[in-house]
Each structure stands twice: as structure tokens, then as C-alpha cells.
Amino acid sequence: MSCAANASHSPVFLLLGFSRASVSHTLLFFLFLAIYLTTILGNVTLVLLISRDSRLHSPMYYLLRGLSVIDMGLSTVTLPQLLAHLVSDYPAIPAARCLAQFFFFYAFGVTDTLVIAVMALDRYVAICDPLHYALVMNRQLCACLLALSWVVSIVHTILHVGLLLPLLWAGDTRGNVDLPHFFCDHRPLLRASCSDTHSNELAIFLEGGFLMLGPCILIILSYVRIGATILRLPSAAGRRRAVSTCGSHLTMVGFLYGTIIWVYFQPPSQNSQHQDMVASVMYTAVTPLANPFVYSLRNKDVKGALCRLLGWGRVDS
């Protein structure tokens with residue numbers, strides 16, 4: 001696609017992801033409002049429980065608290081704007097705000113994947129080397145790993161924002177550019193540009209792929225060793241207990257990495273905008289919503305902390 005004379009580095013983007021939806025915008029508004037409020041309430045509750053209850057002051061819950069904060073940020077970057085656009089006839093976002101949303105979405109999203117990988121390392125040490133768990137996975141190491149995740153994520157995001165800045169977008173007579181998505185995501189922005197985006201695509205598959213491949217390898221290797229250790233446990237009760245400590249984390253790994261790989265690492269010719277939208281809703285809305293419930297419903301310690309906070313008496317763990 002060649003750029004027209006009116007192409008601009010800073011157009012106004014029209015986020016039309018749900019404009020042709022067969023479902024009522026009012027119904028979608030209340031659905032996403034319920035998802036957003038439940039996400040915030042669930043993750044805030046999890047953060048408060050882990051911060052207040054001394055029985056949850058362990059490395060695993062320290063990382064889980066960090067994950068909850070990230071999930072709240074990830075939802076807040078996209079869903080409030082979606083709610084505003086669902087009740088608006090002009091779902092516009094200026095280029096500067098679009099790039100800001102892209103930056104924060106990527107920063108929270110990549111940090112999310114890295115923290116999930118760190119939690120796999122935590123489960124590996126807890127199950128494969130329990131005698132040294134408290135020594136290895138101490139609070140200082142967890143804080144360093146969380147900080148490193150943020151630094152890597154921000155550097156990665158700055159690179160991709162920098163590659164977007166030189167691009168041109170050709171709009172209509174008013175300078176508006178249609179974006180068939182509900183937030184400023186990478187693929188829709190590249191598809192809408194009239195500039196050469198080969199550098200951007202290459203960065204996604206090489207640098208972005210490497211950033212995803214590293215955590216994926218860490219998770220796979222951790223669970224291979226965890227599985228081998230569980231199979232060697234002498235009692236069925238011990239095996240069940242070990243599996244239960246990993247079930248919640250594996251569920252979130254499936255949610256998170258499955259949707260990311262689906263959206264970002266397919267060749268552009270195979271991408272369907274409708275499928276991208278569905279996967280993006282899973283990633284930005286459903287996964288942050290599921291996190292506190294997956295970890296609380298499957299975890300006696302968290303359920304016990306909630307009962308103690310609400311004054312419902314002691315729950316045995």
C-alpha cells in the first residue's frame with residue numbers, strides 16, 4: 001500500500017472493533033462493565049489478603065500479589081476506554097493517546113508473561129528442592145525477579161513504540177483512520193499503516209519471539225522436572241498435593257500463552273480479524289478476571305485467609 005499525500009504520523013484512529021457486532025452495544029457495555037468491576041474487585045481482594053494475612057507471606061504469594069497488580073493494570077489500560085466507546089457514536093482516539101495505550105498495554109502484558117514464568121520457577125524449587133525452598137526463593141530474590149521482569153518489558157515496549165513512530169497512516173478527508181479493533185494493538189496498527197512495516201514484523205517474530213520463547217522454555221523445563229519428581233513420590237496423597245499446587249498456575253499459563261501465540265505469532269496472511277478480536281478479549285478481559293478466582297477457588301490458604309478477613313471463623317488448611 002502506498003501512502004497518499006494526506007498520510008500522517010499522527011492521525012485520529014477510529015476503534016471500530018465492535019461497531020459491526022450483531023449484539024447490542026448496551027448489552028456489551030454491561031457485560032464488559034461487569035467483567036471489569038469483578039476483575040478489579042477480585043484482584044484487589046487478593047492483594048489485600050496477601051498483604052494482611054501473615055500465613056500468606058511466602059514467595060509464591062508475593063509473586064501472586066505482583067501478578068494481581070499487573071492484571072489490574074492490563075484491564076484498566078483497555079476496558080474503560082472500550083466502555084466509553086460502546087456508548088459513543090465517535091469511538092476516536094488521537095495518535096498520541098493511542099501510542100500511550102499501546103505502551104502501557106505492552107508493558108503490563110509482557111511483564112505478565114515474565115512473572116508467570118518466574119512463578120513456574122518458584123513451583124519447581126518448591127516441589128523439586130523443598131528443603132532449600134526458603135533459602136533459594138527468598139523475598140529479595142523475588143523482588144529482583146519482579147524488577148527484572150519490569151525492566152525487560154519496558155525496554156521491549158520502547159523498541160516497538162520506536163518502530164511505530166516513523167510509520168504513516170492514510171486517513172479519510174478528516175484525517176481519521178479506521179482501526180478494526182477495540183484498542184490500539186500491534187497487528188491492527190501495522191495493517192492500517194501505508195508505510196513499509198517489514199521491520200516491525202521482523203521485530204515481532206525475532207525479538208518478540210525470543211522474549212516469548214525464553215519464558216516458555218523455562219516453564220516447560222520446570223514442569224518436566226516437576227512431573228518427574230511427582231512421579232517418584234511414594235504416596236498418592238503426596239502426588240495429589242503436589243499436583244494441586246501446580247494446577248492453578250498451569251491453568252493461567254494455558255490462558256495467557258495460548259492467546260498471545262494465537263494473536264501475535266501467526267503469519268499475517270493467516271490472521272483473521274474476528275479471531276484476533278476474540279483472542280484479544282480473552283487476553284485483556286477474561287485472563288485478568290480468571291486469575292484471582294483460579295488461585296482462590298483452588299487454594300485452601302487463600303480461602304482460609306478470606307474467611308478470617310470476613311470473620312467467618314478458622315478454616316483448616
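Cys 98 and Cys 184 are joined by a disulfide, S to S 2.0 Å; a disulfide here is a pair of cysteine sulfur atoms within 2.5 Å. By this rule the count comes to one disulfide. The pair links distant parts of the chain, 86 residues apart: Cys 98 sits in helix α3 (residues 95-128), and Cys 184 in the loop between β3 (176-179) and α6 (186-192). Helices (H or I, at least four residues) and strands (E, at least two) are DSSP runs, numbered from the N terminus.

Before I go on: this is a predicted model, where local features need pLDDT of at least 70, side-chain atom pairs count only at pLDDT 80 or more, and totals for chains, interfaces and linings use all residues. Residues are numbered from 1 along each chain as its sequence is written, and side-chain values use heavy atoms, with hydrogens and water left out.

Are Cys 98 and Cys 184 buried or exposed? Both are buried; buried means under 20% relative accessible area, exposed over 50%, and partly exposed in between (1.4 Å probe, protein chains only). Cys 142 is in no disulfide, and the nearest cysteine sulfur, that of Cys 144, is 9.4 Å away. Cys 142 also counts as buried, at 0% relative accessibility.

Next, Thr 157, in helix α5 (residues 139-164). Thr 157 is buried, because its relative accessible area is 0%. Leaving out residues up to four places away in sequence, Thr 157 touches Phe 103, Tyr 106 and Ala 107, where contact means heavy atoms within 4.5 Å.

Last, Leu 135 in helix α4 (residues 133-136). Leu 135 counts as exposed because its relative accessible area is 64%.
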